[in-house]
Amino acid sequence: MKVLSIVLGVLVCVMFAQGAQAATIFSDNFNGVNGGNGALNYTGFSQWNVSGGAVDLIGNGFFDFFPGTGLSVDLDGTMFQSGQFSSIPIALTGGTYMLQFALGGSQRGDTNTVQVSLGSFYSESFTLGSSAPLSVITRFITVGAPSSASLTFQNAGGDNIGLILDDVNLSTTEIRSVPETSSLALLAFGLTGIGMLRLRTLKYAQAGIACHQR
């Protein structure tokens with residue numbers, strides 16, 4: 001039984017060793033920006049650039065539409081011109097990436113659309129109503145060759161009321177295929193055979209010891 005348990009343990013390890021591994025290469029929840037204080041038309045981000053308009057840094061009691069989540073970014077700042085909010089260039093290698101970010105409605109009575117892009121590798125628009133909760137969106141992006149790209153959030157319109165952005169994260173993923181059933185069966189057969197041989201050897205050894213003691 002002990003040998004069979006070992007065999008099963010090896011099989012489980014082989015199966016679960018196949019899967020995805022991730023490493024974060026870009027992340028920002030905005031909580032450490034501006035000493036944790038909100039500000040209108042804020043531009044002092046260390047990992048982002050604001051162009052073509054403005055964004056507001058909100059939360060922590062300052063236009064706090066989602067209490068308890070720290071600071072976030074209103075993508076249509078107080079200039080009647082929505083901002084283009086772009087990350088610093090991110091070095092990318094070939095492979096698959098997982099992009100996650102939280103978007104919420106303006107909470108001020110209007111519907112907004114934001115265009116999200118990662119260089120030329122990904123582009124998608126999201127439209128949320130005013131009362132939409134702050135929810136995490138996940139997308140997988142394939143990059144064919146080493147490159148550098150900025151992650152951009154562009155709110156449409158310009159009425160000082162935009163979608164709310166928080167918790168941006170880009171990570172690598174290494175997805176390895178699970179072995180075919182036939183391969184696992186062959187491995188199981190081989191390990192079981194080794195286990196049975198070990199049991200038989202142990203049985204004969206014990207029988208020899210018993211005969212010798214007689």
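Which residues do ring pairs link into a cluster? I looked this up first. Ring pairs join F26, F30, Y42, F45, W48, F85, F101, F126 and F153.

**Ground rules.** I am working on a predicted model, where local features need pLDDT of at least 70, side-chain atom pairs count only at pLDDT 80 or more, and totals for chains, interfaces and linings use all residues. Residues are numbered from 1 along each chain as its sequence is written, and side-chain values use heavy atoms, with hydrogens and water left out.

**Aromatic pairs.** I describe a pair of aromatic rings by the distance of the centres and the angle of the planes. My rule takes rings of Phe, Tyr and Trp (its six-membered ring) with centres within 6.5 Å; planes under 30 degrees apart are stacked, over 60 edge-to-face, the rest tilted. I count twelve aromatic pairs by this rule.

I checked W48 and F153. Their pair is tilted, at 6.1 Å centre to centre and 55 degrees between the planes. W48 sits in strand 2 and F153 in strand 12, so the pair ties together parts 105 residues apart in sequence. Both W48 and F153 are buried (under 20% relative accessible area, 1.4 Å probe, protein chains only).

Next I took F101 and F126. The centres are 5.6 Å apart and the planes stand at 80 degrees, so this pair is edge-to-face. F101 belongs to strand 7 (residues 95-104) and F126 to strand 9, so parts 25 residues apart in sequence are tied together. F101 is buried at a relative accessible area of 0%. F126 is buried too, at 9%.

**Sheet.** Strands here are DSSP runs of E, at least two residues, numbered from the N terminus. Five of them form an open antiparallel sheet in the order 2-5-12-8-9; pairing takes at least two DSSP bridges. Strand 2 (48-51) and strand 9 (122-128) are the edges, each with a single partner strand, so one side of each lacks a neighbour in the sheet. Strand 8 (residues 112-118) and strand 12 (residues 151-155) pair over five bridges, antiparallel. Q115 stands opposite Q154 in strand 12.

**Core.** I looked for nonpolar cores, meaning buried Ala, Val, Leu, Ile, Met, Phe, Trp, Tyr and Cys residues joined through side-chain atoms within 4.5 Å. The largest has 34 residues, and F30, F45, F85, F101, F153 and L165 have the most contacts inside it. Strand 7 gives the largest share of this core, four residues.

What is L165 in contact with, leaving aside its neighbours within four places in sequence? I find F30, S72, V73, L75, F85, F101, A102, L103 and F153, with contact meaning heavy atoms within 4.5 Å.

Key:
Buried < 20%, exposed > 50% of the residue type's maximum accessible area, 1.4 Å probe, protein only.
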